[in-house]
Amino acid sequence: MELTRFQKLMLAVLAGMLVFFGVLMAVFRVRSGVLFQESLLKITEEDGRTLYSGKAHGDPVSIAVSFPTNFERDVEFTIGDRLHDVFQVVYPTEQIHTEHGGTVGGVLVTKNGETLFEGGYDPESEFGWYDKNGGWLPFYGFTVRGGGSDPWSGFETGAGDAVRFAFGPETSARGDPAIFAMAVFLTALLAVEVVFHKGLFRWRHWAARDPEPSEGWLALERVIWVVLAGVIAVMYIAAMTEIY
């Protein structure tokens with residue numbers, strides 16, 4: 001089977017996208033970090049501290065966690081010239097009997113020397129916040145940011161941020177394997193269509209006698225190939241930009 005120059009060009013484009021984005025996916029997946037304000041912070045150990053650093057919304061971010069004692073963790077947030085907060089997280093304190101019938105460890109969180117939260121905390125659940133009487137506070141640990149053109153508008157570090165980094169946050173990486181796999185699957189389908197388009201045409205029109213595609217149909221096929229290649233490229237880009 002002899003391929004036309006356009007078919008060879010389309011196959012080269014598809015193969016190039018597959019290789020290029022495949023390499024990017026592999027690199028991104030091995031370079032994990034911690035998600036903070038829609039950006040990934042890298043993790044390093046420095047002078048007995050755990051340091052999370054990077055950029056978010058264009059500003060440098062540094063979050064340093066130190067461990068003065070077995071029950072105390074100090075968390076220092078620095079966001080450019082905008083913010084500098086120092087938290088102290090003490091866990092566990094006394095046991096808290098919850099309204100659900102169980103017990104959780106008590107936690108004390110101070111911010112810049114003032115008590116911010118005192119109650120119960122379950123490190124196994126992001127909804128595991130309780131007041132001192134055991135009442136459930138399911139949404140206490142979530143950060144709410146205001147709107148506006150400035151992405152930092154209304155942002156304040158809270159007890160949830162401090163406790164999350166004090167206990168060691170889960171890592172993430174750029175690149176969504178599911179979207180990438182779908183893009184690879186569509187790449188393979190389009191490659192098959194490019195190589196065997198005449199055979200597939202005859203198969204789809206098997207009831208006709210000696211079916212052959214017209215020049216107009218072939219021209220339309222080439223346009224569709226280009227459009228589909230563009231859609232696949234967008235899917236690859238979407239897969240690379242997602243944090244998973």
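Predicted model: local features only at pLDDT ≥ 70, side-chain atom pairs only at ≥ 80, totals over all residues.

A residue counts as buried when its relative accessible area is under 20%, as exposed when that area is over 50%, and as partly exposed in between.

Side chains of opposite charge can pair when their charged atoms come close. The structure holds 4 salt bridges, and arginine 82 takes part in one with aspartate 59, where the N to O distance is 2.6 Å. This pair links distant parts of the chain, since aspartate 59 belongs to strand β4 (residues 59-69) while arginine 82 sits in the loop between β5 (72-79) and β6 (83-90), 23 residues apart. Aspartate 59 has a relative accessible area of 16%, which is under the 20% limit, so this residue is classed as buried.

Arginine 82 also meets the side chain of aspartate 150 in a salt bridge, here at 3.1 Å from N to O. Because aspartate 150 lies in the loop between β10 (129-130) and α2, whereas arginine 82 lies in the loop between β5 and β6, the pair ties together parts that are 68 residues apart in sequence. Aspartate 150, at a relative accessible area of 30%, is partly exposed. Taken together, Asp59, Arg82 and Asp150 are linked in a network of salt bridges.

Another salt bridge joins the side chains of glutamate 46 and arginine 49, with an N to O distance of 3.3 Å.

Rolling a probe the size of a water molecule over the atoms shows where empty space is left. The largest pocket has a volume of about 840 Å³ and is lined by 23 residues, with Glu126, Gly160, Arg164, Pro169 and Glu170 lying nearest its centre. Which elements each supply at least two residues of this lining? They are β1 (34-36) and α2 (159-166), and the largest share, 4 residues, comes from α2. Sorted by class, the lining of the largest pocket consists of 9 nonpolar, 7 polar and 7 charged residues.

Terms used. Residues numbered from 1 in each chain as written. Heavy atoms only, no water. 1 Å grid on protein atoms, 1.4 Å probe; cavity = no way out; pocket = protein on both sides within 12 Å on 5 of 7 lines; lining within 4 Å. Points joined across faces, edges and corners; volume = space filled by probe spheres on them. Nonpolar A, V, L, I, M, F, W, Y, C, P; charged D, E, K, R; others polar. Buried < 20%, exposed > 50% of the residue type's maximum accessible area, 1.4 Å probe, protein only.
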